[in-house]
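The following paragraphs lead through a single structure, contact by contact. Please keep the sequence and the 3D view at hand while reading.

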Amino acid sequence: MKNIKLVIEYDGTNYLGWQKQKIGKTIQETIECAIESLTGENVDLIGSSRTDSGVHARGFVANFKTMSTIPSERFREALNVRLPNDIVIIKSEEVELEFHSRYNAKGKTYSYTILNRDIPSAIGNDYVYYFKTSLNIEAMKESCTYFVGTHDFKAFRSSGSSVKTTIRTISDLHIEINGEYIKIFVTGDGFLYNMVRIIVGTLLLVGTNKIKPNYIKNIIEDKDRNGAGMCVPANGLILEKVFY
């Protein structure tokens, strides 16, 4: 028995997220079918998180156990020829049998990209959120500091999930500008349902001067979802890296 770890890049546009659903195509099911085609085994592919419909990934991590004698590093090429073009195995390697891609994860980095200009783009709309209104970038950057640290992020969670605690630690939140593109990076030990997308929506409240940067403290302390910003669309979100 071997435990194989995969690092995966995927375009989530045509999928209902990572996790298998009763109806609809998912990343997990697509890769599991490729593994079965290769090994003849019906494996349980464990993912590092449950990305939503339309969310993308550059460094998603998953693992599965197999009796196959295929060398661990050869799974990458063998699976890639069986997968559609919007899913690519970046790396495959054997890890300890106890390794669990979700439970052993120590943190993740996400990015969210906004196109901020008067007109939308005809190219790449599946990877950015078009936002027409001019933004106060300096105020948004100032706001980032109030998110960093260990807080109760209950105000930044969508309904529909059950967790033991809503306390999370954000170690880094920063904004990078490349012309008309605003890229927001968030690193934390874990994230609540839609947490990153709601943080971005709240930064947009600051950027449009609807709230002051230091009001972020009030939103966190109030723990009221109605006080935070909207949950921005999924297509601008990318899981960049999982830390172990």
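Predicted model: local features only at pLDDT ≥ 70, side-chain atom pairs only at ≥ 80, totals over all residues.

Not counting residues up to four places away in sequence, Phe 156 touches Phe 147, Tyr 193, Asn 194, Met 195, Ile 198, Ile 199, Thr 202, Ile 219, Ile 220 and Ala 228.

Phe 156 belongs to the largest nonpolar core, which has 69 residues. Together with Ile 8, Ile 31 and Ile 184, Phe 156 is among those with the most contacts inside this core. Helix 4, residues 195–207, gives the most to the core, with 8 residues. In soluble globular proteins, nonpolar side chains tend to be buried together.

The helices concerned are helix 3 (residues 137–147) and helix 5 (residues 215–222), whose axes come within 8 Å and cross at roughly 35°. The crossing is right-handed.

Asn 194 has a positive phi of about 65°, although it is not a glycine. Its relative accessible area is 12%, so Asn 194 is buried. Lys 223 also has a positive phi, of about 60°, and is not a glycine. Lys 223 is placed in the loop between helix 5 and strand 10 (237–243). At 40% relative accessibility, Lys 223 counts as partly exposed.

A further loop, between strand 4 (87–95) and strand 5 (107–115), holds Ser 101. Ser 101 counts as buried because its relative accessibility is 0%. What is Ser 101 in contact with, leaving aside its neighbours within four places in sequence? The contacts of Ser 101 are Ile 46, Gly 47, Ser 48, Val 61, Ala 62, Asn 63 and Tyr 244.

The cysteines remain. The structure holds 0 disulfides. For Cys 231, the closest cysteine sulfur is that of Cys 144, and at 18 Å it is too far for a bond. Cys 231 is partly exposed, with a relative accessible area of 26%. Cys 33 likewise counts as partly exposed, at 45% relative accessibility.

Terms used: Residues numbered from 1 in each chain as written. Heavy atoms only, no water. Axes fitted to C-alpha atoms, helices over the stretch in contact; angles between N-to-C directions. Helix = DSSP H or I, 4+ residues; strand = E, 2+ residues; numbered from the N terminus. Left-handed = near helix turned anticlockwise from the far one by under 90°. Core = buried A, V, L, I, M, F, W, Y, C linked by side-chain atoms within 4.5 Å. Buried < 20%, exposed > 50% of the residue type's maximum accessible area, 1.4 Å probe, protein only. Contact = heavy atoms within 4.5 Å. Disulfide = S-S within 2.5 Å.
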